[in-house]
Amino acid sequence: MAHHEHTLDAHAHGEGMGVKRIWQVFGILLAITAVEFLVALGFVHHWHIVAKGPALYAFYVVLTLIKAYYIVAFFMHLKFEKKSFIICCSIVFIFIIYFIVLMLIEGGYLLNHLQEHPVYKNSGTSHH
Amino acid sequence: MDSLSKLDEVKTTPWAGGREPWSIEYGKIMMWFFLVSDAFTFSSFLIYYGAQKFAQPTWIDADKIFQSIPGIADHGQPLVFVGIMTFILIMSSVTMVLAVEAGHRNSKKEVVKWMIWTILGGMAFVGCQALEWTHLHHVGFWFGQNPATGLTDPAAISAALQPYFTNDISYTAALQFSNLFFTITGFHGFHVTVGIILNIIILCMVLNNTFEKRGSYLMIEKVGLYWHFVDLVWVFVFTFFYLI
């Protein structure tokens, strides 16, 4: 038990997050958010330099994923855990990627194929 | 004989048993597994939002619906208020990780200070969200409701919804946006509220010297994981509701 607590403690001290590192990560998160606002408010809304569309959305999603990486890796400390634990907690998101692809295809299908047919009144007579 | 004796050898690899391959405390692992499952719940919500958006010929424009700064401007200020909310939540995430760091040094005084700032940040965020909900409810958006609900004349419906659309106007799209906005930000706000309660409980335990006696502030890390996760979810909600 004593040994166990020692390893946990050494782990926390050895490669953890110092105060300097914390403010560094905060600076990165703040900078990325500032870029998002500059683009959304400035380039898109006020100056009309960039038009809304798939390329802009992809840009937002990439910035979002970078922010997510910094929060999970540094604030949640996952980067400093054992490799097998990192894999254990992240590999399941393959299913989320699959689900995204699946549901967006489904959404497009609903738009293109289900809305173009009207609903017919049921007269109540059948020919069987 | 030689190969047989090899079978009797005690393996010392991390996964050979009798040791902790991850060297993480049980409660912390369970918090991680809970957060992974919670991430699935939020992902399902957001993916359904995406699927609805793809299934509709038109959609609400975030620049137009999120234009108010409650108490200052009723419209004309797109994304400013949500910017303030985002900043508050990132800030409270930083104070939380500073509390964890102070816990590693067993500095009770600093843990208390940073926990109080984290709780205040969380309360400020939920307060901002309440103001935003109030504004949207005031103009006619709610669960199962949009500003054109109750109207029958097509001209009146499109006039009521026109301020929120840039492209074509759709009652169904406005309704689905409204339902999903209140459901998803509500579920996130509920998580923040739970986080505030957990933080207050942990703060009381710190003040009670519970962790001082235990010799470890590991509990701060566990509640910290939850708090950062709530911030993480907001990063995605912010992108998909307010930016895209």
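**Helices and annotated spans**

Modeller: In this predicted model, residues 114-133 of chain B are 100% helix and 0% strand, with their end C-alpha atoms 29 Å apart.

Colleague: What makes residues 114-133 of chain B a "transmembrane region"?

Modeller: That name comes from an unreviewed UniProt entry, which lists residues 29-51, 79-102, 114-133, 190-211 and 223-243 of chain B. Such annotations may be inferred rather than shown by experiment.

Colleague: Which residues of chain A does UniProt list under "transmembrane region"?

Modeller: The unreviewed entry gives residues 22-44, 56-78 and 84-105 of chain A. Of these, residues 56-78 are 87% helix and 0% strand, with end C-alpha atoms 30 Å apart. Residues 84-105 of chain A are 91% helix and 0% strand, and their end C-alpha atoms lie 33 Å apart.

Colleague: Why are H2(B) and H9(B) called roughly parallel to each other?

Modeller: The axes of H2(B), residues 26-55, and H9(B), residues 218-243, cross at roughly 15° and come within 10 Å. Angles under 35 degrees count as roughly parallel, and therefore H2(B) and H9(B) are described as roughly parallel. The crossing is right-handed.

Colleague: Which residues of H2(B) and H9(B) meet?

Modeller: Among them are B:Trp32, B:Asp38 and B:Phe42 in H2(B), and B:Glu221, B:Phe229 and B:Phe236 in H9(B). By class, this contact has twelve nonpolar, one polar and four charged residues.

Technical notes
Residues numbered from 1 in each chain as written. Chains lettered and ligands numbered in written order. Predicted model: local features only at pLDDT ≥ 70, side-chain atom pairs only at ≥ 80, totals over all residues. Helix = DSSP H or I, 4+ residues; strand = E, 2+ residues; numbered from the N terminus. Axes fitted to C-alpha atoms, helices over the stretch in contact; angles between N-to-C directions. Parallel < 35°, antiparallel > 145°, perpendicular 65-115°, else oblique. Left-handed = near helix turned anticlockwise from the far one by under 90°. Contact = placed C-beta atoms within 7 Å. Nonpolar A, V, L, I, M, F, W, Y, C, P; charged D, E, K, R; others polar.
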